[in-house]
Structures are given as C-alpha cells and as structure tokens.
Amino acid sequence: MPELIQQLDEGILLWIAQHLRLPVLNEIFVCYTNLGNAGLLFILAAIVLLCFRSTRRAGASAGMGMLLGFIITNLTIKPLISRARPWVVLEQLETLATSGDPNSFPSGHTCSAFAFGVAVAVVAPWKWAKAAAIAAAALMGVSRLYVGVHFPSDVLAGAVIGTVCGLLGAWITGKVQEWYRLGKGRG
C-alpha cells in the first residue's frame, strides 16, 4: 500500500481501538463479525430468502453477488496484493478477533455483506428489508474495524467490490429470469 494510505489506515485503526471500544460492545462486535466468517450469516440469509416466492429473486441475486465477490476478492485480489493483517503491522494494536487468512486487502467479510445488502436492496419488495440489508452490510464493515482485523482501506475496498457484485448479481438474475420467462412462453 502507498505510504500515505498505510499511515492513515494505521492512525484511524488505532484511534478506533483507543477511543471507540467499550467493554459492553466488544462481545457484540466480536459475535457479529464472527457471524460473517465464510459469509455464513449472509449465505444463510440468502437461503432463507430463496424459500419464499416474494423474496426468491432477492435471495438469488444476493447469492450470485456473493459468489462473484468471493471469486474477485478471496480468490483473485487477496492473493495478488497479500497485504498483512493489522496485528502483524501494528504491535500496539490489541485485536479482539483473529483470522486464518493472512491477507487483509480487501475485506472479504465486507465484500460479502455488501454484495448481499446491495442485491437485496435492489430487488427486495419491502423498504424495511432494503434498509435492514444495507444496515447489516455497513455494520459488518464497522465490525471488522472495531475488532481490529482490517484496515479502513480494506473495508472500503470490500464495500465497493461488494456493491458492484451485488448490482451485477441483481442484473444477472434479472436477465436469467427474463430469459426463463421468454423460453417458457415459447414452449
């Protein structure tokens, strides 16, 4: 990472750890961030959405978005960039959680959360569901900073990639649905 970005990232992360952490919130953020391991929370939510006709497209869009995000983030960018986790770089940082993945950039948890949240926000039938999906995504990004496992630029990049993947997931499932309807009308 360019030196200026690295310095900003380190300063922000240390400030969060020193000024925003509260004992009452620590366990809540650790629990929430761990629900994002392997995209578990959002994969389960997408599966639940697939179970109901009114939310099936939202679930499929979210699943497609998360798959794209996983390929782009975890299988492509993370191994290419190989940015060390904050606890490797910042000895004075006390982390509240750890990760088995040594690569920090971009945040896979945040990417998955935003792919889910944006896809659901694009196609869900209810405003409250759209708002809840985006809030859950934002909270995942914040949790990654709060527990000290990502730098702010990791989370920002994960949110941007996840947003694009969520939009693509919604677009792809819309096209598949359109293709299916057209094909079914011919038969």
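The model is predicted. The chain has 8 helices and 0 strands, and 3 salt bridges are present in the structure. D9, R83 and D154 are joined in a network of salt bridges.

**Overall fold**

- Along the sequence, the elements follow the pattern α-α-α-α-α-α-α-α.
- The radius of gyration is 18 Å, close to the 16 Å that the globule rule gives for 187 residues, so the chain is as compact as a globular protein of that length.
- Taken along the principal axes, the box filled by the C-alpha atoms is roughly 65 × 35 × 25 Å.
- Among contacts with a separation of 6 or more, 78% are between residues 24 or more positions apart.

**Surface and charge**

- Of the 187 residues in the chain, 43% are buried.
- The chain exposes about 10,000 Å², and carbon and sulfur atoms supply 70% of this area.
- There are 14 positive and 9 negative side chains in the chain. The centres of these two sets lie 25 Å apart.

- Side chains of opposite charge can pair when their charged atoms come close.
- R83 and D9 form a salt bridge through their side chains, with an N to O distance of 2.8 Å. This pair links distant parts of the chain, 74 residues apart: R83 is in the loop between α4 (56-81) and α5 (86-89), and D9 is in helix α1 (residues 3-19).
- R83 also forms a salt bridge with D154, where the closest N and O atoms are 2.7 Å apart. D154 lies in helix α8 (residues 152-186) and R83 in the loop between α4 and α5, so this pair ties together parts that are 71 residues apart in sequence.

**The salt bridge of D101 and K78**

- D101 pairs with K78 in a salt bridge whose closest N and O atoms are 3.1 Å apart. D101 lies in the loop between α5 and α6 (108-123) and K78 in helix α4, so the two tie together parts that are 23 residues apart in sequence.

**The loop between α5 and α6**

- N103 is in the loop between α5 and α6. N103 counts as buried because its relative accessibility is 15%, and buried means under 20%.
- Which residues does N103 touch, not counting those up to four places away in sequence? The contacts of N103 are K78, P79, S82, R83 and R85. Two residues from the salt bridges are among them: K78, the partner of D101, and R83, the partner of D9.
- P106 is found in the loop between α5 and α6. The peptide bond that joins F105 and P106 is cis, with omega about -10°.

**Positive phi angles outside glycine**

- A38 has a positive phi of about 60° although it is not a glycine. A38 lies in the loop between α2 (23-35) and α3 (40-50), and A38 is exposed, with a relative accessible area of 74%.
- S82 has a phi near 50°, which is a positive value in a residue other than glycine. S82 is placed in the loop between α4 and α5, and S82 counts as partly exposed at 42% relative accessibility.

**Helix α1**

- E3 lies in helix α1. E3 is exposed because its relative accessible area is 54%, and exposed means over 50%.
- E3 and H19 are 16 residues apart in sequence. From C-alpha to C-alpha, E3 and H19 are 24 Å apart in space.

Terms used:
Residues are numbered from 1 along each chain as its sequence is written. This is a predicted model: local features need pLDDT of at least 70, side-chain atom pairs count only at pLDDT 80 or more; totals for chains, interfaces and linings use all residues. Side-chain values use heavy atoms; hydrogens and water are left out. A salt bridge is a side-chain nitrogen of Lys or Arg within 4 Å of a carboxyl oxygen of Asp or Glu. Helices (H or I, at least four residues) and strands (E, at least two) are DSSP runs, numbered from the N terminus. The radius of gyration is taken over C-alpha atoms; the globule rule is 2.2 Å times the number of residues to the power 0.38. Buried means under 20% relative accessible area, exposed over 50%, partly exposed in between (1.4 Å probe, protein chains only). Contact means heavy atoms within 4.5 Å. Accessible areas come from the Shrake-Rupley method with a 1.4 Å probe; for residues, only the protein chains shown count as cover. Lys and Arg count as positive and Asp and Glu as negative; His and the chain ends are not counted. The place of a charge is taken as NZ of Lys, CZ of Arg, CG of Asp or CD of Glu.
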